[in-house]
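Please read this short report alongside the sequence and the coordinates. How are the selected helices and strands arranged against one another?

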Amino acid sequence: MAVRNGRTVRDLRRGNRTAVLQRLYFDGPLSRFELGPATGLSSGSISNVVAELVADGLVEEAGSVDSDGGRPRTLLRVVPGSGHMIGVDVGETRVRVELFDLTLTELARTERALEQQGYAGDWASEGEGAAQVEGPSLGGGPSSKRREYDVDVIVGHIRDGVAEVLDEAGIAPERLLGVGIGVPGIVARTPEEGAVVHGQTIGWDAVPLESLLRSACQLPDTVPYFADNGARTLGQAEMWFGAGRGARNAVVVLFGSGVGACLVTEDVEHGRSVEWGHLTVRVRGRRCRCGALGCLEAYAGAEALLDRWREEGGRPPEGTDEETALTAMLTAAYPAEEGVEPDPVALAVLEETAEYLGAGLSDLINLFQPERILIGGWAGLQLGTRFLPAVRRYAASYALRYPAERVSIDLGRLGPDAVTVGAAILPLADFFARGGRRAEPVSEGPSPAWRTALEERAPH
């Protein structure tokens, strides 16, 4: 039956269930009396919706509180074990898979390190005017080469990781609300193949990741997959549960092997990934992994930072991954032992990197005037508070004074798990958008309203 604005009674009931679930999720436990003004629903609607959610096993009683002169009011909360999500972080150094309950409490995890699969289109790296070995000569200075990761290896790691965490926690695959994946690059969606990844810096050209995972993973057809840019999932996690809570305009930066950002404004509340790392900061500068010249990532990403240290005479430990090498660089620049002189080359490269990052942040400040900028990612967390004062100083010096005086620049709060938490939020948001009902059949894809559900950030 249709009602006003083309919405059916079924749509209204789903919307009412969504409103109650979200308020209990973010603000609970709450009483039925409190749910009325919090959702804008009548007491009759609240009673009906709560009865349905309790019958479905999604909501339970959680004690009581005294009322003003009346009998105690029963509190309600979301049942943690009523649903489970998997979050996957396809990083550039490892694949991390985590299993969560409905309240995003971690139940199990596994990690698989990524070996460098080789380089594509090797860049010459001797002196100014270096050119790509294959393809047009564009000039520019020395730079990192573009690494590639074997798609089958990544799919295999995700497949094995999903099976491992489910087995460790003793969770049946049928109980999954979905699998969310954060990936490097741009994610598009097609009706035929679902999520398709365009990861230029890792050599992925229109990789049909969702269809590959659906073929590889031993999960029921009713379990949906969601893929999004890793910076965006990081931003979503920080906005829901981290340092972004309550902000209306924020930028969340992912600082890892490369750099990326998620923009959240009043006009784009669920966040939009921006290829901030490929902003040109130096004309005809260093060659970036994407193939262009002078990108911010060619100066500020951890991979480029280590390359520059090496080029200036630094000695990163051989045969180690980027995280270990960056730790060694920080130890050289800031020795813990008394009497040990800091490595002047490492210090100089880190200071220059802080300036490039600050200049890059100033562009975000001038363009979007955010109230908060949050820095996450494994490299950002390693550099930590020791790095922030210089970044803040350079951002203020390059940005316009008015917006620069009104923005705070801090570290994210969720640590190295932020991308997986944000990835798990994707199926959770879809579950909310469906009013707490599971996706069936999976061929219908994500709920049209799942992006809207991502906009919920409590408390504002």
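The sections below treat a helix pair and then a sheet with its helices.

## Basis of the description

This is a predicted model, in which local features need pLDDT of at least 70 and side-chain atom pairs count only at pLDDT 80 or more, while totals for chains, interfaces and linings use all residues. Residues are numbered from 1 along each chain as its sequence is written, and side-chain values use heavy atoms, with hydrogens and water left out.

## The α1 and α2 pair

Helix α1 (residues 9-27) packs with helix α2 (residues 32-39) at an angle of about 110°, their axes lying 10 Å apart; helices here are DSSP runs of H or I with at least four residues, and strands are E runs of at least two, numbered from the N terminus. Axes are lines fitted to C-alpha atoms, for helices over the stretch in contact, and angles run from 0 to 180 degrees between N-to-C directions.

In contact (heavy atoms within 4.5 Å), A19, V20, R23 and L24 of α1 meet L35, A38 and T39 of α2.

## The five-stranded sheet

An open sheet of mixed pairing is formed by five strands in the order β16-β15-β14-β17-β18, where two strands pair if DSSP finds at least two bridges between them. Because β16 (272-274) and β18 (408-411) stand at the edges, each with a single partner strand, one side of each is left without a neighbour in the sheet. Neighbouring strands are turned by 25° against each other on average, direction ignored.

Strand β15 (residues 259-264) pairs with β16 in the antiparallel sense over three bridges, and C262 stands opposite S273 in β16. Helix α6 (residues 230-241) packs on the sheet, touching β14 (250-255), β15, β16 and β17 (372-376), and its direction makes about 130° with that of β14.
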